[in-house]
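Okay, thanks for coming, everyone. Let me put the model up on the screen, and then we can walk through a few parts of it together.

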Amino acid sequence: MTREGTLIGDRYRLLGPAGPDAAVWHAQDERLDRIVAVKPLFDEPAPAIPAPRAAICDVVDDDRTTYLVLEYPGARTLAELLGEHGALAPGLVARFGTQLAAALAAAHDEGVLHAAVDPGHVVISADGHARIAGGGRTAPACLAPEVLDGGFPDFPAEVYSLGATLHAALGQQRHPLTEAVLRLRHPDPAARPTMAAAEALLNGLTPRRPGPDRGAPRGLAADYRCV
């Protein structure tokens, strides 16, 4: 289990390591369209799992190895996740970024600025979906340079804040997503994409489910219980 994109048990698509030791991986459950953590049982000493006392969702035998499938951490901020586990898998960051950009682009279409986009205001649900929590102000580390210089926050500044948030989640990893994130963080506001363009850019880097015939019927996608 060493490659992004590997399918475990004909169901769990690996997105990337969940920590620096690569013993626990983030994966997408292609049957229920949720994020889980996958850990091989032969690793000793046992590495930390993504959350204290994480529930076991499944046990899978694949290629002479047994894997535990663990529940993804319950709703918590991106800042909390990064503090506990360090940088996230690029595929996961792209997925979160696409979700956030879609919500922010819809707000921008209505002429609305969120004005608080940073890891502390991004909430990740137990089913692996990212949303922006309301209230507060953007942390200085995620403010656009023109705002730090006294300018008024606007749509390009919010694109920068999203880029800075995703950059924090990526850390120092080298990945095609890094270049995309740096485009969002361009120092020149005029050179940044719109939020809608950012959504398309990030969506193009999000791992895809292979084929429409795989997985459960659409009606089951909202059932995120461990099975």
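This is a predicted model: local features need pLDDT of at least 70, side-chain atom pairs count only at pLDDT 80 or more; totals for chains, interfaces and linings use all residues.

The side chain of T206 reaches the backbone oxygen of A94 at 3.3 Å.

Residues are numbered from 1 along each chain as its sequence is written, and side-chain values use heavy atoms, with hydrogens and water left out.

So, is T206 buried or exposed? It's buried, at a relative accessible area of 12%; buried is under 20%, exposed over 50%, partly exposed in between, with a 1.4 Å probe and protein chains only. You'll find T206 in the segment after α6 (195–203). Helices here are DSSP runs of H or I, at least four residues, and strands are runs of E, at least two, numbered from the N terminus. Skipping its neighbours within four places in sequence, T206 is in contact with A94, R95 and T98, where contact means heavy atoms within 4.5 Å.

Now look at α2 and α6. Their axes come within 8 Å and cross at roughly 160 degrees; axes are lines fitted to C-alpha atoms, for helices over the stretch in contact, and angles run from 0 to 180 degrees between N-to-C directions. That makes α2 roughly antiparallel to α6, a label for angles over 145 degrees. Who meets whom? On the α2 side, A94, T98 and A101 are among the residues involved, and on the α6 side they include M195, A198 and L202.

Next, the sheet. It's open, with three strands in the order β7-β8-β9 and antiparallel pairing; two strands pair if DSSP finds at least two bridges between them. β7 (76–77) and β9 (130–132) stand at the edges with a single partner strand each, so one side of each has no neighbour in the sheet. Helix α2 (residues 90–109) packs on this sheet, touching β8 and β9, and its direction makes about 35 degrees with that of β9. Three bridges join β8 (residues 122–124) to β9, and V122 stands opposite I132 in β9.

Last stop: R174, in the loop between α4 (155–170) and α5 (176–184). R174 is exposed, with a relative accessible area of 84%.

Definitions and conventions
A polar contact is a pair of N or O atoms within 3.5 Å; within protein, one must be able to donate a hydrogen and the other to accept it, and residues adjacent in sequence count only if both atoms are side-chain atoms. Angles under 35 degrees count as roughly parallel, over 145 as roughly antiparallel, 65 to 115 as roughly perpendicular and the rest as oblique.
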